[in-house]
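Please consider the structure shown below. The paragraphs that follow lead through its helix contacts, its domains and some features of its backbone.

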Number of protein chains: 2
Amino acid sequence: MIIAVDTAGGEYAPHEVVKGAVKAAQDYNIGIALVGRKDLLHVQTGRYLKKLDMTIVDATQTIEDDESPIEAVNNKPDSSIMMGINLVKTGKAAAFVSAGNTGAVLYSALLGLGRIKGIERPAIASIINISITAPVLLIDSGANANCRPKYLVQFARLGAIYSREVLGVPSPRVGLLNSGEEEGKGNRLMQETYTLLKETDLNFVGNIEGHGLVRGGADVIVTDGFTGNIVLKALEGLGDTFLKLRNVGQVFANARHMQSRHQLFDTGLGSLVRRIDYRESGGACLLGVNGDVIIAHGRSQAKAIRNAIGLAKQSVDSAVCQIIKDQQSQLAASE
Amino acid sequence: MIIAVDTAGGEYAPHEVVKGAVKAAQDYNIGIALVGRKDLLHVQTGRYLKKLDMTIVDATQTIEDDESPIEAVNNKPDSSIMMGINLVKTGKAAAFVSAGNTGAVLYSALLGLGRIKGIERPAIASIINISITAPVLLIDSGANANCRPKYLVQFARLGAIYSREVLGVPSPRVGLLNSGEEEGKGNRLMQETYTLLKETDLNFVGNIEGHGLVRGGADVIVTDGFTGNIVLKALEGLGDTFLKLRNVGQVFANARHMQSRHQLFDTGLGSLVRRIDYRESGGACLLGVNGDVIIAHGRSQAKAIRNAIGLAKQSVDSAVCQIIKDQQSQLAASE
């Protein structure tokens, strides 16, 4: 299996991205296609190219984070993002991982891979790993700012398949992110979506309030991409504040008295720190396009990139994309 | 000054509410009207009634948290919530504080006090106290699930006045909670609101992303009540998880080695714990109605109730309600 990695995307590109890709090639025993500027990559990867199953795909253009996605993708056919997507399209790579401009990855995927029939709006599924019991899949976490109820039902189907096939939840509980628990709560979009979700064969458990993202209660939490983006960034902001408090973690690690140190880690603090730290997380999956695309956090360092590649491998191994296609065909046939 | 307090609302009513009210009467040297079941209250407050400026207003009905607000308010004219609002309406109390059913407080206030002319939708302004630099005012944090751009502009005006008059920010920076920083980002509601906000005389600083709620960047953050509710509860959920980790705070407090203990508190962790703990916060203000109404957290204990009453006093002292009325008159005259 070869996974294509965008080495030009993200705050720590290309250095940390390449480091993470090397680690992934070793840990998962897979092939990596590094997509980016050949001249830069040769210097950094020279000694690995022979030892590991790694190749460089020269992409002479880079899309920056602050560029308008549609314009940038249209004007830069040789960007690392578009070229990575094309490797998936032509079957030269099984999946593509990028920490670059999210809008550009989304638009490139739509252009290059296309939507799966029956899915009107591909969506981003983010794994939120704060709950002690189990991770929660938030979909859509940012692809579609304006949504209709039927899109949200499609997100629910995509999320449920992903949760079952990739995260291994046998019968994923699907919840609707809403401003109250009872049916009838929320804005018009959520009220109408609730009615539609009730009629599906999904394991719909009703509305989930904001704290459900942290405390659990559902395996898949469905929302529009506007709300999803805001709530995800807010949680990240609070997690960040916590991690940065004059470097709490470091102070713990340096605690002189082992007894106190153990007391602290006993509280579960160490484990929470790991769970809320996006440097540890594996990124988000773009669902509903014809191919496996993983969107890593823009501030991913080596470990996060390595984990994102691991997530890509899991997605490919589980054939989640084909399963989504099959389900959509069945749905279409039954209608 | 007399402040009316709903002793039947909230998870810890009436015991903790009364305790908080007693503390507030002592600390702020104000009068308190305890609204609730006389028989219950007499037992708990007997020894304070003579010493402090406290009275009991008998309210024989209680609106529960899970009741439908409109129905409950209409069917229970003698509820503690409606009676508390009526004390403000008739001038017998300067403000009303309730930790009860938020929807019922909102609807009672609309019925009993009415809207300030020019404000189409009263909104809830919550003080988020996580940012190290300064508190952030989130408006609307839950009153209006469906919003139009012009309502959000009204929220911005209400929030700016509150921030200036009550929180003491000289020229409050107003931001729009959105899924990206640049103009043009977000859903249609936020795109149109952005255009309107630019044209006002407010100190509008543009879009604020989710992490801005934590990191700052604006003094007033404007959103619709659906998004506001979800993001507030999500932050609360994460804060809660953190506080509950086998009681981190307690472990710190008990740390045997003073050196380690100081090291920990040095990190700012103790201060963050206090800031994210809703038990310490003073509640939220309902803005845009003809009177001062404070909505305390449903899980408020004595300290939070005491602080909510303190916030009510601050609101009354600053005459924020009258200032909103004056501004609305001026706006109407200038149009």
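Are α6(A) and α7(A) roughly parallel or oblique to each other? Helix α6 (residues 149-165) of chain A and helix α7 (residues 188-198) of chain A cross at roughly 55°, and their axes come within 8 Å. Axes here are lines fitted to C-alpha atoms, for helices over the stretch in contact, and angles run from 0 to 180 degrees between N-to-C directions. The two helices, α6(A) and α7(A), are therefore oblique to each other. Angles under 35 degrees count as roughly parallel, over 145 as roughly antiparallel, 65 to 115 as roughly perpendicular and the rest as oblique.

The model is predicted: local features need pLDDT of at least 70, side-chain atom pairs count only at pLDDT 80 or more, and totals for chains, interfaces and linings use all residues. Residues are numbered from 1 along each chain as its sequence is written, while chains are lettered from A and ligands numbered from 1 in the order in which they are written. Helices (H or I, at least four residues) and strands (E, at least two) are DSSP runs, numbered from the N terminus.

The crossing of α6(A) and α7(A) is right-handed; a crossing has this hand if the near helix is turned clockwise from the far one by less than a right angle, and is left-handed if anticlockwise. On the α6(A) side, P149(A), K150(A), L152(A), V153(A) and A156(A) meet L189(A), E192(A), T193(A), L196(A) and L197(A) of α7(A). Residues are in contact if their C-beta atoms, placed from the backbone, lie within 7 Å. By class, this contact of α6(A) with α7(A) comprises 7 nonpolar, 1 polar and 2 charged residues. Ala, Val, Leu, Ile, Met, Phe, Trp, Tyr, Cys and Pro count as nonpolar, Asp, Glu, Lys and Arg as charged, and the others, Gly among them, as polar.

A second pair in chain A is formed by helix α4 (residues 80-89) and helix α5 (residues 102-112), which pack at an angle of about 35° with their axes 9 Å apart. Their crossing is right-handed. I81(A), M82(A), I85(A), N86(A) and K89(A) of α4(A) make the contact with A104(A), V105(A), S108(A), A109(A) and G112(A) of α5(A). These residues divide into 6 nonpolar, 3 polar and 1 charged.

Chain A as a whole has 14 helices and 11 strands. Of its 335 residues, 58% count as buried, a residue being buried if 20 or more other C-beta atoms lie within 10 Å of its own, exposed if 12 or fewer, and partly exposed in between. The domain assignment of chain A gives domain 1 (1-115 + 288-318) and domain 2 (120-283); such bounds come from an automatic or database domain assignment. Their contact takes 21 residues from domain 1 and 15 residues from domain 2. On the domain 1 side, α5, β11 (292-295) and α13 (302-318) each supply at least two residues, and α13(A) gives the most, with 9 residues. That side of domain 1 divides into 9 nonpolar, 9 polar and 3 charged residues.

In chain B, helix α1 (residues 15-28) packs against helix α2 (residues 38-49) at an angle of about 20°, with the axes 11 Å apart. That makes α1(B) roughly parallel to α2(B). H15(B), V18(B) and V22(B) of α1(B) are in contact with L41(B), Q44(B), T45(B) and Y48(B) of α2(B). Helix α5 (residues 102-112) of chain B is largely enclosed by the rest of the structure, because 9 of its 11 residues are buried. The buried residues of α5(B) pack against α3 (69-75), α4 (80-89), β4 (95-98), β10 (284-287) and β11 (292-295) of chain B.

Some backbone features remain. Most residues other than glycine have a negative phi, and most peptide bonds are trans. Phi of N29(A), however, is near 55°. N29(A) is found in the loop between α1 and β2 (31-36) of chain A, and it counts as exposed because it has 11 C-beta neighbours inside 10 Å. The peptide bond from A13(A) to P14(A) is cis, with omega near -5°, and P14(A) is in the loop between β1 (2-6) and α1 (15-28) of chain A. In chain B, a cis peptide bond with omega of about 5° joins I139(B) and D140(B).

Key: Contact = placed C-beta atoms within 7 Å.
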